[in-house]
Amino acid sequence: QVQLVESGGGLVQAGGSLRLSCAASGSHFSVNAMGWYRRAPGKQRELVATITRGGSTNYADSVKGRFTISSDNAKNTVYLQMNRLKPEDTAVYSCNADLADILGVDFESWGQGIQVIVSS
C-alpha cells in the first residue's frame, strides 16, 4: 500500500503564493506520474497539473503561467508552486500518483486532500 502525504496548504491573499508538497511512501512500488487535482465548492474535481517520471508536464489552462509542478524522483515527491493566486483557486487540492507494483501492475493512490483558500 502506498500513502500520499500532502502539506503546504492554507490561507493566502489574492496575488500571493503557496507551495504544496506530496510525498509517496510505502514499499515495492515505482512512480509513473504524479499530479494535483482540485475540487472547488459546488464543482467537480478537475485536473490542475501532472508530471511524469521523465519530467513531462501538463497543466490546466486556468493555471498555466501561474502554477509550476515539479518532482524529486529520489524522494517520490511532487511539488506545486502556486503564484499569483486568485480567489477562484480556492479548493481542496488532492495529490494523485500513477504507480506500478513490483510485478509491473499499474495502480493509483490519492492523498486525503489539503485546503487552499485565497481571500480577495
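Trainee: Is Cys-95 buried or exposed?
Mentor: Keep in mind that this is a predicted model. Buried means under 20% relative accessible area. Cys-95 has a relative accessible area of 0%, so the call is buried.

Trainee: And which residue does a disulfide join to Cys-95?
Mentor: The structure holds one disulfide. The S to S distance for the pair is 2.1 Å, and the cut-off is 2.5 Å. The residue joined to Cys-95 is Cys-22.

Trainee: How many residues apart are Cys-22 and Cys-95?
Mentor: Cys-22 sits in strand 3, while Cys-95 belongs to strand 9 (residues 91–101). That pair links distant parts of the chain. The separation is 73 residues.

Trainee: Is that disulfide left-handed or right-handed, and why?
Mentor: Look at the torsion about the S-S bond of Cys-22 and Cys-95. The value is about -85°, so the disulfide is left-handed.

Trainee: Is Cys-22 buried or exposed?
Mentor: Use the cut-off again: under 20% relative accessible area means buried. Cys-22 comes in at 0% relative accessibility, so Cys-22 counts as buried.

Trainee: Which residue in strand 8 is the bridge partner of Cys-22?
Mentor: Strand 3 (residues 18–25) pairs with strand 8 (residues 77–82) over six bridges, in the antiparallel sense. Within that pairing, the bridge partner of Cys-22 is Val-78.

Trainee: Which residue in strand 9 stands opposite Tyr-37?
Mentor: Strand 4 and strand 9 pair in the antiparallel sense, over ten bridges. Opposite Tyr-37 you'll find Ser-94.

Trainee: Which residue in strand 11 is the bridge partner of Ala-91?
Mentor: Strand 9 runs antiparallel to strand 11 (residues 114–119), and three bridges join them. The bridge partner of Ala-91 is Val-116.

Trainee: Which residue in the turn between strand 9 and strand 10 has a positive phi?
Mentor: Five bridges join strand 9 to strand 10 (residues 106–110), and the two run antiparallel. Ala-97, for one, stands opposite Ser-109 in strand 10. The two strands form a hairpin with four residues between them, and the turn residue with a phi of about 90° is Gly-104.

Trainee: Which strand gives the largest share of the lining of the largest cavity?
Mentor: A search of the whole structure finds one cavity of 30 Å³ or more, with a volume of about 80 Å³. Strand 4 (29–39), strand 5 (46–52) and strand 7 (67–72) each give two or more residues to the lining. With three residues, the largest share comes from strand 4.

Trainee: How many charged residues are in that lining?
Mentor: The lining includes Val-31, Arg-53, Asp-72 and Thr-77. By class, there are four nonpolar and five polar residues, and the charged ones number two.

Technical notes: Residues are numbered from 1 along each chain as its sequence is written. This is a predicted model: local features need pLDDT of at least 70, side-chain atom pairs count only at pLDDT 80 or more; totals for chains, interfaces and linings use all residues. Side-chain values use heavy atoms; hydrogens and water are left out. On a 1 Å grid over the protein atoms alone, a cavity is a set of points where a 1.4 Å probe fits but cannot get out, and a pocket is an open set with protein on both sides within 12 Å along at least five of seven lines; lining residues have an atom within 4 Å of a point. Grid points are joined across faces, edges and corners, and a volume is the space filled by probe spheres set on the points. Ala, Val, Leu, Ile, Met, Phe, Trp, Tyr, Cys and Pro count as nonpolar, Asp, Glu, Lys and Arg as charged, and the others, Gly among them, as polar. Two strands pair if DSSP finds at least two bridges between them. Buried means under 20% relative accessible area, exposed over 50%, partly exposed in between (1.4 Å probe, protein chains only).
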